[in-house]
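Here are my notes on the model, as numbered points. Please read them with the structure open beside you.

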Amino acid sequence: MAITDKIYIKNHQQIASQLETSFPKGAFKGATLDILFQGENLAKLDDATQDRVLDFATDFMDCDCEANPHCGHPEEKFVRYLLELRAQGLGPDAVVDVMGDDYMLYAYPGDVLSFLDGAVRTLEAVETLADVDGRSDAASDARQKREQLL
């Protein structure tokens, strides 16, 4: 299961009440994206929530794909965001706090830790395979990225 399947909307019930409709708690669920980013629904949200939703849309949903927001690019951008937070030295608890402050999202720190561990293991594998294939530039790049996550 992808980490984006484990990212949830903070204050979900309050937001659902403001919108007078129900929608999934998962931030990247199709129905959630459809409901939160419709103009008439966005206007129903209080100012603080509206600002966070707009920040999320600006940072992750800015894409020219016809299938936007269901094209996969928001998830890819969010994964990069999580990796950048870790590269800045934040641990799983701090990552969860920052995503809550930035976008009113939450996740369980254990899920973030598992994701980060998986990213490190994947980079180790890339490094090893690149070394075996004689691609020292790719191995060095993977090593550098892995070390940023440790």
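1. The buried face of α6. In this predicted model, the buried residues of α6 are Val 95, Val 96, Met 99, Gly 100 and Tyr 103. Buried means under 20% relative accessible area, exposed over 50%, and partly exposed in between (1.4 Å probe, protein chains only). Looking down the axis of α6, these buried residues fall within an arc of 135°, so they line one face of the helix. The arc is taken from the directions that run from the helix axis to the C-beta atoms. Their cover includes α4 (47–60), α5 (73–87), β2 (105–106) and α7 (109–132).

2. The rest of α6. This helix covers residues 92–103, 12 residues in total. From first C-alpha to last it reaches 16 Å, close to the 16 Å expected at 1.5 Å a residue. The expected span is 1.5 Å times one less than the number of residues. Asp 93 and Asp 101 are exposed on the other side of α6. For Asp 93 the relative accessibility is 53%. Just after α6, Met 104 takes a positive phi of about 60°.

3. How the model was read. Residues are numbered from 1 along each chain as its sequence is written, and side-chain values use heavy atoms, with hydrogens and water left out. Local features need pLDDT of at least 70 and side-chain atom pairs count only at pLDDT 80 or more, while totals for chains, interfaces and linings use all residues.

4. Confidence. pLDDT is the predictor's confidence in each residue, from 0 to 100. The protein has a mean pLDDT of 92, and 100% of its residues reach 70 or more. Among its elements, α6 has the highest mean, 97. Helix α3 (residues 39–42) has the lowest, 83.

5. Overall layout. The protein has 8 helices and 2 strands. Both are DSSP runs numbered from the N terminus: helices are H or I with at least four residues, strands are E with at least two. Their order along the sequence is β-α-α-α-α-α-α-β-α-α. The C-alpha trace spans about 60 × 35 × 25 Å along its principal axes. Of the 150 residues, 36% are buried.

6. Helix α5 has 15 residues and reaches 21 Å from its first C-alpha to its last, close to the 21 Å expected at 1.5 Å a residue. Its buried residues are Pro 74, Phe 78, Tyr 81, Leu 82, Leu 85 and Arg 86. Seen down the axis of α5, they fall within an arc of 135°, so they line one face of this helix. They pack against α4, α6, β2, α7 and α8 (136–149). Gly 89 follows α5 and has a positive phi, near 100°.

7. The cores. A nonpolar core is a set of buried Ala, Val, Leu, Ile, Met, Phe, Trp, Tyr and Cys residues joined through side-chain atoms within 4.5 Å. The largest has 32 residues; Ile 7, Phe 78, Met 99 and Leu 105 touch the most other members. At least two residues of this core come from each of α1 (12–19), α2 (30–36), α4, α5, α6 and α7. A second, separate core of 5 residues includes Ala 119, Leu 123, Ala 142 and Leu 149.

8. Phe 78 and Thr 4. Contact means heavy atoms within 4.5 Å. Leaving aside neighbours within four places in sequence, Phe 78 contacts Thr 4, Ile 7, Phe 28, Phe 60, Met 99 and Leu 105. Thr 4 sits in the segment before β1 (8–9). Thr 4 is buried, at 7% relative accessible area.

9. Cysteines. How many disulfides does a search of the whole structure find? The search finds 0. A disulfide here is a pair of cysteine sulfur atoms within 2.5 Å. The sulfur of Cys 63 is 3.2 Å from the closest cysteine sulfur, in Cys 65, too far for a bond. Cys 71 is in no disulfide either; the nearest cysteine sulfur, that of Cys 63, is 3.6 Å away. Cys 63 counts as buried at 15% relative accessibility, whereas Cys 71 is partly exposed at 25%.
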